[in-house]
Amino acid sequence: MQNRFLYALCIVLSLSDLLIINGSFFLASEFSDALDKGFAYEYYQNDLLNANLIWLIASSLFQIYNKRNIRHIEQIYRRTWKSVVSHLILFIFLSSIYRKSDLSLTFLSLFYALCALNFVVSRFTCTAIEIIFIKRYKTRKPVAVMGLNQMGLRLAAFFEGNKKQYSFKGFLDSDNSLFVDKSGNLLPAASEQLRIAAEKNIREVYVSLTAERISEAGFLLQEAERQCINLKFVPDFSKSLSTPFRINYLGEFPIITLRNEPLEDIDNRFKKRLFDILFSFFIIIFILSWLFPLIAIMIKLQSKGPVLFKQLRSGRDNQVFYCYKFRSMTVNKESDLKQATRCDDRVTRIGRFLRRTSLDELPQFFNVLFGDMSVIGPRPHMLKHTEEYRALIDKYMVRHHLKPGITGWAQVNGYRGETNTKALMEKRVEHDIWYIENWTMMLDIKIIFLTIFNLLHGSDNAY
């Protein structure tokens, strides 16, 4: 939820940022026209339009004005910095496409120096205004909690941690006693708690109720409405559900979700798929286009058989697909049954190099482009291994909620290659599930950099 102050802050911040972009652009253009003889002032209007459009894209991508991020000043600073860097890259790229003359280095330096300075001043000013408003005016919403149980304590911790938005007035009761007697009548103690809350001008009270006590909600609501109090109920399933859960609505039906999966959100899926397409296109055009024929010739010279090895593997929702690799072994009948081991005599000389450097995985970027795989995700396993491990390892099939990846969180943490023990596979599954529950775009980028670092550094499990 968002109070009026934070909502107003969001609007003011977004408008002031557009003013900064336009003001900095105008000043940089005027100074550049005076200082740089090569500055093309006639492109001013087109460049200004680009600057505004790119800022809208960058600020939306990094969600500077998102109602969750606006509550935390450190998030605003971090996302502003990322947006400015992205703006610089995109602005240079777009402006260089249609310009007949080179971009002025003087203009770029002045424009982004002014932007950086003005953004810093703007953020510090917003912080100072926020502190003053919180101290002098009642911008925080007074709230209290009924029900001193585990969920009530978690609620209290949440309110205490969000002091910019909430003024937590404490618990209305000192225990977790019943609010309704056996006859279905509201107990005097419960009525008294709500009356006291109304006298203290607390207009929002949160009630934590366990599943077996949910029937008390109607009686409490009736009394709260008499006292002009907005009563909100928080179900406490801590006794029956040990893991964190979310409640969403399917039409009118409340749905409890026990696993957080960010990629269930269509926006996140779109971002990940767009990144996959762009990244795989880049690898295919700039690397595979010349490396593929070289590797193909070396594979053909060392052993008979196809250049590419394709194998049925388990994908998203356990759907099978053909996974492509550069063939690193001699053609054999055990390829779909037996995993490669250390000093495996089936591996060719060029195959050892390809496997050690992970170059054998490069054709999987075609799998990414086709939509069977993602750049980052749980590694796909042979069908035989999927059937074996789903019977042995708890939650093994959870990793199939996502598209499999060329690399993943498990691999950059050392769990790659041969999995010859149940314990190793359990650790891999544990890391895969952590990735599913904690996905962010920045985590994918981090995994890519860690993968490159590991390739340069070398891995004992690459054979």
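**Sheet, helix contact and core**

Visitor: How many bridges join β1 to β3, and which way do the two run?
Guide: Four bridges join β1 (residues 141-146) to β3 (residues 204-210), and the two strands run parallel. Strands here are DSSP E runs of at least two residues, helices H or I runs of at least four, numbered from the N terminus. This is a predicted model: local features need pLDDT of at least 70, side-chain atom pairs count only at pLDDT 80 or more, and totals for chains, interfaces and linings use all residues. Residues are numbered from 1 along each chain as its sequence is written, and side-chain values use heavy atoms, leaving out hydrogens and water.

Visitor: What stands opposite Met146 in β3?
Guide: Valine 207.

Visitor: And what order do the sheet's strands come in?
Guide: The open sheet runs β2-β1-β3-β4, with parallel pairing; strands pair if DSSP finds at least two bridges between them. The edge strands are β2 (166-171) and β4 (230-236).

Visitor: Switching topic: which residues make the contact of α8 with α9?
Guide: From α8, Ile295, Met298, Ile299 and Gln302; from α9, Arg349, Ile350 and Leu354. Contact means heavy atoms within 4.5 Å.

Visitor: What does Ile299 touch?
Guide: Leaving out residues up to four places away in sequence, isoleucine 299 touches Pro306, Val307, Phe326, Arg327, Ile350 and Leu354. Ile299 is also among the residues touching the most other members of the largest nonpolar core, which has 38 residues. Such a core is a set of buried Ala, Val, Leu, Ile, Met, Phe, Trp, Tyr and Cys residues joined through side-chain atoms within 4.5 Å, buried being under 20% relative accessible area (1.4 Å probe, protein chains only).

Visitor: Which element gives the largest share of this core?
Guide: Helix α8, with eight residues.

Note on methods
Buried means under 20% relative accessible area, exposed over 50%, partly exposed in between (1.4 Å probe, protein chains only).
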